[in-house]
Amino acid sequence: MKKGILLICLLLIFISCSTEKNEKGRILIVVSNTEDMGDPEKHFAGNNLWEVAPPYHIFVSHGYAVDFVSPTGGKVPFSMDPVGISSYTIKYENFNEKVENSSTPDEVDYKNYKAVFVGGGYGPLFDVAYDEEIQSIIAGIYENGGIVGGCGHGPGALANVKLSNGEFMVKGKKVTGFPNSTEVTKSWAKEGTLLPIMLEDQLRANGGIFQTKSDLSDKHDVVIDQRIVTTMFLPSSAIVAKEMIIEIENLN
């Protein structure tokens, strides 16, 4: 009898812990399916592991469940070797299994998410930025009171998001991302000439108040305005995730 009671107590504790772990809600990470830039040399596009795995780690370690979505679903391409936090989250936090089975947009209900994050790598500029279903999901999460975050080239995929009133989500809001001044010095996309958009130009064109290096005290600063959290470069990807959590919990 005592053993039975003990087993029931242990079961209740397990259920309670499981519920507590998941009660904070879900966060959606958007990733790209685009392998290369479509040029003869096949410059790599894809996703930057160091801008996706660290935010994933921050989210799950703070008690949030994380799902991935990509334009066509399934496995997505990554650059960068798994080191540091990226290696840890792959080994211990189920990152690979999650991201290699990313959902398609039609499988995602924006109402289930408290936030959405788009990491860098050039890939999102080629597909996510023009995928109407994913753009609609991001808009839905934002208009439902959620938080939107991006790092590096990820904010370029936020530039075209339109709200239900027909206006761009970034209009009138301070945002940042990989700046033109740095893009034109890098060979990764032939000084930006292989890109469908220069993200700084697109954010400005759609009403975003783009923050350049001269606007910030530190180029790794995180910019937060009206529930949109962005940064220029990959070292701050985890900080964006943490600031997103603070924003979520301030709303509760």
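Reader: How does H2 pass H3?

Author: In this predicted model, H2 crosses H3 in a left-handed sense, which applies when the near helix is turned anticlockwise from the far one by less than a right angle, clockwise being right-handed. Helices (H or I, at least four residues) and strands (E, at least two) are DSSP runs, numbered from the N terminus.

Reader: Which residues make the contact?

Author: Ala-53, Pro-54, Tyr-56 and His-57 of H2 meet Ile-85, Ser-86, Tyr-88 and Thr-89 of H3; contact means heavy atoms within 4.5 Å.

Reader: And what is the angle between H2 and H3?

Author: Helix H2 (residues 53-61) and helix H3 (residues 85-92) pack at about 60 degrees, their axes being 8 Å apart. Axes are lines fitted to C-alpha atoms, for helices over the stretch in contact, and angles run from 0 to 180 degrees between N-to-C directions.

Reader: Before we move on, how are residues numbered, and which ones count?

Author: Residues are numbered from 1 along each chain as its sequence is written. As the model is predicted, local features need pLDDT of at least 70 and side-chain atom pairs count only at pLDDT 80 or more, while totals for chains, interfaces and linings use all residues, and side-chain values use heavy atoms, leaving out hydrogens and water.

Reader: New topic: is Gln-135 buried or exposed?

Author: Gln-135 has 7% relative accessibility and therefore counts as buried (under 20% relative accessible area; exposed is over 50%, partly exposed in between, with a 1.4 Å probe and protein chains only). Gln-135 belongs to helix H6 (residues 132-143).

Reader: What does the side chain of Gln-135 reach?

Author: That side chain reaches the backbone oxygen of Ala-157 at 2.9 Å. A polar atom of the Gln-135 side chain also lies 3.0 Å from the backbone oxygen of Val-128.

Reader: Where is Thr-176?

Author: Thr-176 sits in the loop between strand E7 (174-175) and helix H7 (180-183). Thr-176 is buried, at 0% relative accessible area, and its side chain reaches the backbone oxygen of Gln-211 at 2.8 Å.

Reader: What about phi of Lys-42?

Author: Phi of Lys-42 is near 55 degrees, a positive value in a residue other than glycine. Most residues other than glycine have a negative phi. Lys-42 is exposed, with a relative accessible area of 55%.

Reader: And which phi does Arg-227 have?

Author: Arg-227 is not a glycine either, yet has a positive phi of about 70 degrees. Arg-227 lies in the loop between strand E9 (222-225) and strand E10 (228-231) and is partly exposed, at 22%.

Terms used: Polar contact = N/O pair within 3.5 Å; in protein donor to acceptor, adjacent residues only side chain to side chain.
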